[in-house]
Amino acid sequence: MEGTILLERLLMKLGYTIIYVPNVAASLQFFEQAFGLKRQFLHEGGDYGELATGHTTLAFASHTLGQSNLPEGYIAASESGRPLGVEIALVTDDVAQAHAKALAAGARELKAPQSKPWGQVVSYLRCPDGCLVELCTPVPGADDLQTLRALNKRFIHNFVTNDVASHDAILHPQFRNMTSLGAHMSRETYLKYWATGFDNDVIIYWDMRDERITLHGDTALISATNRWERVQDGATTVGMTSYTDTYVRTDGQWLCVLAQLLPVAAQHYPADDTIVVKYLRGQLQ
């Protein structure tokens, strides 16, 4: 019991991030104007101030206070030619708009908004007091990835079972398809093909493998490879085709807006240990 109480006393939480700046009031005002944060507190002497940033407080202290705390000195962000190797990351749903607002308030652009492979949009700015700020969208949650994986399996199952109604429900109104021969197919033509595209007597084996999903805000790319075996005129042919499906989040729902196919050369065949689902004569295994 005593050990448990002692452990609880020793547990810590991040309470404050404090940046030493030349002018506390000016830094508070900049963060209010540039990022829309609210001032929580400014000491009457002007040496310390806080912003209302939730459980962890973003605060500013004067260099006078910093020098009294650290008499041997420190590197001041305001005096460094390059930003310090530490950043303040602010999360927003619209990085481009927030970035433009910060520039208008006096920030200096270090990197314009760009999409990261894991789905975030980020940008980097330097504040007038030297502070490095990252603006970023929320990290895509596991729920999105789980939903997209399920949609990819549904896409394959719809094809194998010739399920037009189920497939129609996951296609964007402006959907189009690009075949492995480079032909473009409208949504209407594509769904007509979908009704009879898979013949169990011809395609005796079908799998989906090497699935890769990347998120870029409200856009997602799903790529994978299908291995197939076809029997025609008594001869069996084996091959693989890769695809990339582009999904966009529309009214809270992921819908496929573009499906692209590409033949795969034998030297680039993904291994069997990357198989996600497989079908024998149309039956899920």
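Helices (H or I, at least four residues) and strands (E, at least two) are DSSP runs, numbered from the N terminus. The views below show a predicted model, in which local features need pLDDT of at least 70 and side-chain atom pairs count only at pLDDT 80 or more, whereas totals for chains, interfaces and linings use all residues. Residues are numbered from 1 along each chain as its sequence is written, and side-chain values use heavy atoms, with hydrogens and water left out.

View 1. With a relative accessible area of 46%, arginine 281 is partly exposed, a class that lies between buried (under 20% relative accessible area) and exposed (over 50%), as computed with a 1.4 Å probe on protein chains only.

**View 2. Helix α4 (residues 95-105) and its buried residues.** The buried residues of α4 are Val95, Ala98, His99 and Ala102. They cover an arc of only 100° around the axis, which puts them on the same side of α4; the arc is that of the directions from the helix axis to the C-beta atoms. Among the elements that cover these buried residues are α2 (24-35), β6 (108-115), β7 (121-126) and β8 (132-136), where contact means heavy atoms within 4.5 Å. Gln97 and Ala104, on the other side of α4, are exposed.

**View 3. The two ends of α4.** At the start of α4, a side-chain oxygen of aspartate 94 reaches to within 3.4 Å of the backbone nitrogen of alanine 96. Such a polar contact is a pair of N or O atoms within 3.5 Å; within protein, one must be able to donate a hydrogen and the other to accept it, and residues adjacent in sequence count only if both atoms are side-chain atoms. Just after α4, glycine 106 takes a positive phi of about 120°.

**View 4. Glutamine 120 in the loop between β6 and β7.** Glutamine 120 counts as buried, at 9% relative accessibility. A polar atom of its side chain lies 2.7 Å from the backbone oxygen of threonine 137.

**View 5. The salt bridge between arginine 209 and aspartate 272.** The closest N and O atoms of arginine 209 and aspartate 272 are 2.9 Å apart. Arginine 209 lies in strand β11 (residues 203-216) and aspartate 272 in the loop between β14 (253-263) and β15, so the pair ties together parts that are 63 residues apart in sequence. Arginine 209 counts as buried at 1% relative accessibility, whereas aspartate 272 counts as exposed at 56%. A salt bridge is a side-chain nitrogen of Lys or Arg within 4 Å of a carboxyl oxygen of Asp or Glu, and the structure holds 9 of them.

**View 6. The salt bridge between lysine 192 and glutamate 188 in helix α7 (residues 187-194).** The side chains of lysine 192 and glutamate 188 meet at 3.8 Å, N to O. Being 4 residues apart in α7, lysine 192 and glutamate 188 are separated by about one helical turn, and both residues are exposed.
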